[in-house]
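Please open the model in your viewer and keep the selection tool at hand. The tour below goes from stop to stop, saying what to select and what is there.

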Amino acid sequence: NDLSEDIQTDVALAIGWATGEVEGDEDDAGLEEVRAGLENGAILPLVEVDAKALLKSSPGRRVSKPVVRDYADEMEAGTEFPPVVIDSSLKKNILIEGGHRTSAAAKIGAVIQAIDIAGVRIRKQEDGLEVYSFPS
């Protein structure tokens with residue numbers, strides 16, 4: 001809930017693709033199902049990653065250089081940005097969402113916070129609601 005609406009959508013899409021609940025960018029029903037599961041008490045794992053290493057393990061991402069430059073200036077001025085989304089299930093961190101923020105952090109040599117969706121699973125709670133769980 002601390003994330004902006006756009007970032008919440010990006011995180012929900014990433015989790016939905018990982019769990020198979022979302023079948024494309026236009027799958028609004030799947031996206032709403034994921035959002036409901038996240039609102040049921042899922043705790044997203046937040047990790048710190050080296051932005052330069054993350055970009056190296058996620059080649060081919062396209063970003064706008066002016067946006068990256070603006071973000072880097074804001075980061076250096078102390079502005080906090082929302083976490084990016086990664087998947088570490090392939091023994092290395094792969095960037096799922098947040099290319100501009102990661103590129104900006106790499107430009108200034110910063111560490112960036114990320115939500116790691118590796119191993120996300122759907123778990124039913126005692127009250128019957130579904131929630132997402134992540135390996136510890």
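Begin with the second largest pocket, which has a volume of about 250 Å³. A pocket here is found on a 1 Å grid over the protein atoms alone, as an open set of points where a 1.4 Å probe fits, with protein on both sides within 12 Å along at least five of seven lines, and lining residues have an atom within 4 Å of a point; the volume is the space filled by probe spheres set on the points, which are joined across faces, edges and corners. This is a predicted model, in which local features need pLDDT of at least 70 and side-chain atom pairs count only at pLDDT 80 or more, while totals for chains, interfaces and linings use all residues. Residues are numbered from 1 along each chain as its sequence is written, and side-chain values use heavy atoms, with hydrogens and water left out.

To see the lining of this pocket, select Glu 48, Met 75, Thr 79, Glu 80, Phe 81, Pro 82, Ala 105, Ile 108, Ala 110, Val 111, Ile 112 and Gln 113. Strand β4 (residues 111-116) supplies the largest share of that lining, three residues; strands (E, at least two residues) and helices (H or I, at least four) are DSSP runs numbered from the N terminus.

Stay with Gln 113, one of the lining residues, whose place is in strand β4. At 38% relative accessibility Gln 113 counts as partly exposed, a class that lies between buried (under 20% relative accessible area) and exposed (over 50%), computed with a 1.4 Å probe on protein chains only. Residues up to four places away in sequence aside, Gln 113 touches Leu 46, Val 47, Glu 48, Pro 83 and Val 84, where contact means heavy atoms within 4.5 Å.

Next select Asp 87, in strand β2 (residues 84-87). Which side chain of opposite charge is nearest to Asp 87? It is Arg 121, 9.0 Å away, and Asp 87 is buried yet has no salt bridge; Lys and Arg count as positive and Asp and Glu as negative, with His and the chain ends not counted, and a salt bridge needs a side-chain nitrogen of Lys or Arg within 4 Å of a carboxyl oxygen of Asp or Glu. The side chain of Asp 87 does make a polar contact with that of Ser 89 (2.7 Å), a polar contact being a pair of N or O atoms within 3.5 Å, of which, within protein, one must be able to donate a hydrogen and the other to accept it, and residues adjacent in sequence count only if both atoms are side-chain atoms. Beyond four places in sequence, the residues that Asp 87 touches include Lys 92, Asn 93 and Ile 94.

Those names return at Ser 57, which is in contact with Lys 92, Asn 93 and Ile 94 once neighbours within four places are left aside. Ser 57 lies in the loop between α3 (51-56) and α4 (65-76) and is buried, with a relative accessible area of 14%. A polar atom of its side chain lies 3.0 Å from the backbone oxygen of Leu 54.

Finish with the salt bridges, of which the count comes to three. Select Arg 35 and Glu 5, whose side chains meet in one of them (3.3 Å, N to O); this pair links distant parts of the chain, helix α2 (residues 28-39) and helix α1 (residues 5-19), 30 residues apart. Arg 35 also meets Glu 32 in a salt bridge (3.8 Å, N to O), and Glu 5, Glu 32 and Arg 35 are linked in a network. Lastly, Glu 97 and Arg 101 meet in a salt bridge (2.8 Å, N to O), and both are buried.
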